[in-house]
Amino acid sequence: MASITLEGITKNFGAVAALGGVSLDVADGEFFVLLGPSGAGKTTTLRVIAGLERPEAGCVRMNAQDVTAMPPAQRDCSFVFQQYSLYPHLSVYDNLAFPLRAPMRRVPEEEIKRRVEQVAATLHIESKLQRKATQLSGGEMQRVAIGRALVREPRVFLMDEPLSSLDAKLREELRVELKRVQRQSGATVVYVTHDQVEATTLADRIAILEAGRIQQVGTPEQIYRTPESIHVAQRLGSPQINVLPASWFGQEHPRAVANIAIRPEDVKVGRQGEGVDCTVIESSLLKHHVIAEYEGVEVRARFMEDVAPAPRSRIRLAFPREHRLLFDSEGRRIAA
Amino acid sequence: MAEIRIRNLQKRFADFTAVKDSSLVLEDGKFVVLLGPSGCGKTTTLRMIAGLEFPTSGEITLDGEDVTYRRPRERDIAMCFQLFALYPHMGVRGNLEFPLRNERMPRAEIDRRVSDVASILRIGHLLGSSVTGLAGGDRQRVALGRAIVRQPKAFLMDEPLGTLDAEFRELMCVELRKLHDRLKTTTVFVTHDQNEAMALADHIVVMNQGEILQADSPHGIYSFPSCLFVAKFIGRPPMNLIKADAPVTRGDTFVRIGRREVDVPRVEAPSAGVIVGVRPEYVRLLGADQGCIGGRVQHVEYFGSHWVVEVQTDAGPIKVLADKSARPQTGLQVGLDFDKQHIVLFDSASEKLLPSAATLAHQPGMRHG
């Protein structure tokens with residue numbers, strides 16, 4: 001296993017700057033998630049680590065050794081893609097054994113058998129080993145694709161949205177499985193996703209990537225609780241964090257504060273008492289949330305009551321001081 | 001505008017029965033989602049409504065008129081397949097006009113329809129553009145525009161968002177629902193994705209193995225699943241289902257799980273053995289010796305606004321949706337309590353929902369049977 005360091009990586013595709021000076025430290029054995037919208041540079045970062053793209057500037061290190069000029073095969077990274085790429089004419093067993101049978105590895109068949117069976121057991125596909133890849137369901141195929149990465153015991157796993165083509169139930173199952181396998185094996189994983197749920201549930205640390213630049217790096221809790229910008233605050237959390245004008249709060253905060261953000265689950269919902277009178281736009285018993293409006297601004301709040309407030313009815317929403325995040329006019333956070 | 005009724009609909013392919021004796025009223029102006037795993041019969045049902053498949057027996061009416069054996073063209077229903085497919089060699093206007101030109105509609109009428117659709121979807125400024133350069137959201141709106149420009153009585157959609165990537169799928173869901181709120185055209189939408197169903201539907205029809213298991217509002221499906229299959233199929237993380245082998249009789253207000261007594265809404269029918277169903281958001285995490293059942297924290301997942309905590313108990317694993325301030329630790333001994341009002345019971349032999357004071361108070365939102 002290995003640690004990974006990126007230093008000032010820039011990568012252009014023609015006139016488009018995909019990465020504008022990305023620096024990162026991924027610790028040995030860490031589950032590291034790159035989170036961002038499409039086009040942010042997540043996949044490019046992954047491909048630079050794997051050696052599939054050569055950066056214009058900057059340096060890639062593995063275990064402190066400079067590998068920037070090293071070809072992909074020698075870096076010993078294992079890639080898992082969004083679309084499972086299995087050999088359709090081979091059985092599950094042979095698909096899993098394939099990376100070990102590469103001429104440069106020369107793993108004895110007995111050892112191959114042991115590794116394949118071990119990986120199959122971990123991913124609960126033991127009973128499918130003799131099936132053709134085409135006889136599997138989508139979830140099973142993706143398990144095999146992940147298994148094929150695991151069987152090699154590489155220095156680093158690079159995963160590019162490996163769960164996004166699966167349905168909700170399978171995604172959840174494989175998410176738990178993936179985390180468990182990573183814990184057990186102590187593997188270093190760099191995982192790309194645009195899905196914030198995958199990011200917060202899987203990551204030891206998350207890097208928020210936007211337009212080729214890192215916005216913030218931290219544990220899921222650090223990023224959720226103390227975002228450094230409004231942008232980052234809006235990246236995590238569903239429904240999205242509320243961004244309210246400072247003018248609602250009179251003189252309560254310093255003058256530099258332009259916006260006050262508060263998470264929906266921290267908004268207090270009531271019929272009277274402190275707060276502002278809002279008009280209900282939409283409410284969902286199912287998702288336990290209500291969207292209401294005050295002075296043209298939509299406010300989202302979590303509620304657990306059994307009767308949903310009707311659209312156009314009035315509710316009182318309060319924003320407890322201890323849960324407020326303060327931002328200046330540039331969207332940067334100001335300590336409370 | 002259309003009300004679609006299907007009565008005792010049945011479809012057999014050789015010795016395989018794809019749809020078993022289904023009856024359903026799809027009310028005028030509603031967005032109805034047929035939801036189920038692959039092979040459940042949802043697509044076959046949709047294809048029979050469209051006229052692409054004729055039933056083995058049964059009847060389909062459109063606004064009271066029998067259309068069971070009419071050809072698709074004679075039904076004035078639009079079948080939309082993949083919404084994202086646009087003709088790349090045509091501009092935005094060309095794509096929108098295409099379905100109308102096919103029908104040899106007069107020029108003036110085509111222009112009027114296209115400009116209506118463009119203003120509904122706020123894409124008027126794009127009419128002169130090519131579709132290849134469009135941003136994702138605009139592209140989806142154009143695709144949607146092409147589906148609605150014909151102004152059919154009803155829309156039938158078969159997994160139209162299936163191959164979109166996750167980001168656009170959510171965006172498209174919002175667009176579809178907004179459009180429906182404006183047009184109020186009866187829509188039947190097939191999917192296996194419960195998130196899509198929950199986000200879009202006025203009514204959800206859950207199917208499995210050719211059978212309709214439940215037809216109700218999203219709230220009804222979520223809170224009072226008609227059977228164990230629906231309970232397991234809807235909701236992430238799924239409903240906790242705890243086996244309590246003890247019998248219950250009418251009027252009981254608690255259920256025995258092992259040696260413990262758990263308060264439940266008043267039971268309205270007897271059962272030889274029940275399964276207790278409670279969703280993770282209605283389980284409370286307490287100190288080690290509190291609550292009605294104890295266990296050890298097995299696994300935790302962080303979601304920002306909350307944690308999902310899996311607790312191993314002697315009645316099996318139980319998932320809890322805990323407050324974000326909870327900071328649950330793996331290995332910790334904890335106690336659990338259930339929110340009585342939100343417990344549902346299932347008969348373990350029939351796997352069906354057992355009537356209780358809570359379930360009887362609920363009015364199903366849709367007629368079927």
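Two residues are in contact if their C-beta atoms, placed from the backbone, lie within 7 Å. The views below come from a predicted model.

**Figure 1. Chain A as a whole.** By that contact rule, residues 24 or more positions apart account for 65% of the chain A contacts with a separation of 6 or more. Chain A holds nine helices and 19 strands. Its C-alpha trace spans about 75 × 45 × 35 Å along the principal axes. Of the 336 residues of chain A, 39% count as buried.

**Figure 2. Helix H5 of chain A.** H5(A) runs over residues 138-150, 13 residues in total. From first C-alpha to last, H5(A) reaches 18 Å, close to the 18 Å expected at 1.5 Å a residue. The helix is mostly covered, with ten of its 13 residues buried. Among the buried residues are A:Met141, A:Val144, A:Ile146 and A:Leu150. Two arginines, A:Arg143 and A:Arg148, are buried in H5(A) too. The cover over these buried residues includes helices H3 (92-97), H4 (109-122) and H6 (168-185) of chain A. Strands E6 (77-80) and E7 (156-160) of chain A also contribute to that cover.

**Figure 3. Helix H1 of chain B.** H1(B) spans residues 42-50 and is mostly covered: eight of its nine residues are buried. The buried residues include B:Lys42, B:Arg47, B:Leu46, B:Met48 and B:Ile49. B:Thr43, B:Thr44 and B:Thr45 are buried as well. After H1(B) comes B:Gly51, with a positive phi near 90°.

**Figure 4. The largest nonpolar core.** This core has 102 residues. The members that touch the most other members are B:Val33, B:Leu156, B:Val188, B:Val205, B:Val206, B:Val320 and B:Leu345. Domain 1 (4-223) and domain 2 (237-360) of chain B each give this core at least three residues. Another core, of 84 residues, lies apart from it and includes A:Ile9, A:Val192, A:Ala203 and A:Ala233.

**Figure 5. Surroundings of B:Val206.** Leaving out residues up to four places away in sequence, B:Val206 touches B:Leu35, B:Gly36, B:Leu213, B:Gln214, B:Ile221, B:Val230 and B:Phe233. B:Val206 is also one of the core members that touch the most others.

**Figure 6. Where chain B meets chain A.** The contact takes 20 residues from chain B and 21 residues from chain A. On the chain B side, helices H5 (166-183), H6 (194-200) and H7 (218-223) each supply at least two residues. Strand E16 (293-302) of chain B likewise supplies at least two. The chain B side divides into six nonpolar, seven polar and seven charged residues.

Definitions and conventions. Residues are numbered from 1 along each chain as its sequence is written. Chains are lettered from A and ligands numbered from 1 in the order in which they are written. This is a predicted model: local features need pLDDT of at least 70, side-chain atom pairs count only at pLDDT 80 or more; totals for chains, interfaces and linings use all residues. A nonpolar core is a set of buried Ala, Val, Leu, Ile, Met, Phe, Trp, Tyr and Cys residues joined through C-beta atoms within 7 Å. A residue is buried if 20 or more other C-beta atoms lie within 10 Å of its own, exposed if 12 or fewer, and partly exposed in between; C-beta atoms are placed from the backbone. Domain bounds come from an automatic or database domain assignment. Helices (H or I, at least four residues) and strands (E, at least two) are DSSP runs, numbered from the N terminus. Ala, Val, Leu, Ile, Met, Phe, Trp, Tyr, Cys and Pro count as nonpolar, Asp, Glu, Lys and Arg as charged, and the others, Gly among them, as polar. The expected span of a helix is 1.5 Å times one less than its number of residues.
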